[in-house]
Amino acid sequence: MPILLPLMIPCLLRVGLLSAGPAPLPPPSPRAPILQLPSPAPAKGAAELRLQEGEPVYAVPAGLELPLRIEGDLTAPPTDPGRTLLHLSLEAPVYDSRHRALLLPAGTRLVGLVHLLRGEYRFVAFQSLTLPDGRTLAAPDEGFRLGPGSRLTIQDGGRATLTVARPLRLEAFGRP
């Protein structure tokens, strides 16, 4: 019997390796969509953003950059890919120059319109801003842009930058 054991070990190893099967391949990484960003347009006159008339407004200079977080994945609706929406939220608040009035709170959600054109997602413009308390405002025309650069990878929880594209006049939404 001891003589047969050395002869049987290679056979047992082969049977063990064959019965285990190949190791499973890791799942393919999902490809995040790439969003094409428009080239920056020249700044126009100041735009206003307010909830009601009669309240004081504060100047926000063009060029101010704010950190954003991407909320959810970019998915085109099957019936109208031209109406794809991109949801982002401010990660930092915007204050006036003296830090006395809160202009846009952290958590403000921005909704942007994206078109799917010949297989590429193209950012069009921001449509609205929703404050954390649920109040919604129309986004000023060409008031904000995504950037920097000409492309943005869209992944849930990913980061982006919002740039004030032209001077804004914002109503205060609270005190710091």
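How many bridges join strand 2 (residues 47-49) to strand 14 (residues 168-171)? Three bridges join them, and the two strands run parallel. Strands count as paired if DSSP finds at least two bridges between them. The model is predicted, so local features need pLDDT of at least 70 and side-chain atom pairs count only at pLDDT 80 or more, while totals for chains, interfaces and linings use all residues. Residues are numbered from 1 along each chain as its sequence is written, and side-chain values use heavy atoms, with hydrogens and water left out.

The secondary structure comes to one helix and 14 strands. Of the 176 residues in the protein, 32% are buried. Buried means under 20% relative accessible area, exposed means over 50%, and partly exposed lies in between (1.4 Å probe, protein chains only). Contacts are defined by heavy atoms within 4.5 Å. Among contacts between residues at least 6 apart in sequence, 64% join residues at least 24 apart.

Strand 14 also pairs with strand 3 (residues 57-60). This pairing is antiparallel and has four bridges. Individual bridge partners can be named on both sides. Leu49 has Leu170 of strand 14 as its bridge partner. Val60 has Leu168 of strand 14 as its partner. In a regular strand the side chains alternate between the two faces of the sheet.

Arg50 is found in the loop between strand 2 and strand 3. Arg50 counts as buried because its relative accessible area is 18%. Leaving aside neighbours within four places in sequence, Arg50 is in contact with Glu55, Val57, Leu137 and Glu171. Arg50 and Glu171 are 121 residues apart in sequence, yet their C-alpha atoms are 5.0 Å apart in space.

Side chains of opposite charge can pair when their charged atoms come close. The structure holds eight salt bridges. A salt bridge requires a side-chain nitrogen of Lys or Arg within 4 Å of a carboxyl oxygen of Asp or Glu. Arg50 forms one with Glu53, with the closest N and O atoms 3.9 Å apart. Glu53 is exposed, at 66% relative accessible area. Glu120 forms a salt bridge with Arg122, with the closest N and O atoms 2.9 Å apart. Glu120 is partly exposed at 32%, and Arg122 is partly exposed at 34%. The side chains of Arg135 and Asp133 meet in a salt bridge at 2.7 Å, N to O. Arg135 is partly exposed, with a relative accessible area of 37%. Asp133 is exposed, with a relative accessible area of 52%. Salt bridges that share partners join Glu48, Arg50, Glu53 and Arg169 into one network.

The largest nonpolar core has 35 residues. Such a core is a set of buried Ala, Val, Leu, Ile, Met, Phe, Trp, Tyr and Cys residues joined through side-chain atoms within 4.5 Å. Leu35, Leu86, Leu104, Phe126, Phe144 and Leu146 touch the most other members. Strand 9 (residues 120-130) gives the largest share of this core, four residues. Not counting residues up to four places away in sequence, Leu104 touches Leu49, Leu90, Pro93, Val94, Leu129, Leu131, Phe144, Leu170 and Phe173.

Rolling a probe the size of a water molecule over the atoms shows where empty space is left. The largest pocket holds about 430 Å³ of space. Its 27 lining residues include Pro38, Glu142, Phe144, Arg145 and Ala165, which lie nearest its centre. Strand 9 and strand 11 are the elements that give two or more residues to this lining. On a 1 Å grid over the protein atoms alone, a pocket is an open set of points where a 1.4 Å probe fits, with protein on both sides within 12 Å along at least five of seven lines; lining residues have an atom within 4 Å of a point. Grid points are joined across faces, edges and corners, and the volume is the space filled by probe spheres set on the points.

Two residues other than glycine have positive phi values. Glu142 has phi near 55°. Glu142 is found in the loop between strand 10 (136-138) and strand 11 (144-147), and counts as partly exposed because its relative accessibility is 44%. His99 has phi near 65°. His99 is found in the loop between strand 6 (94-95) and strand 7 (102-104).
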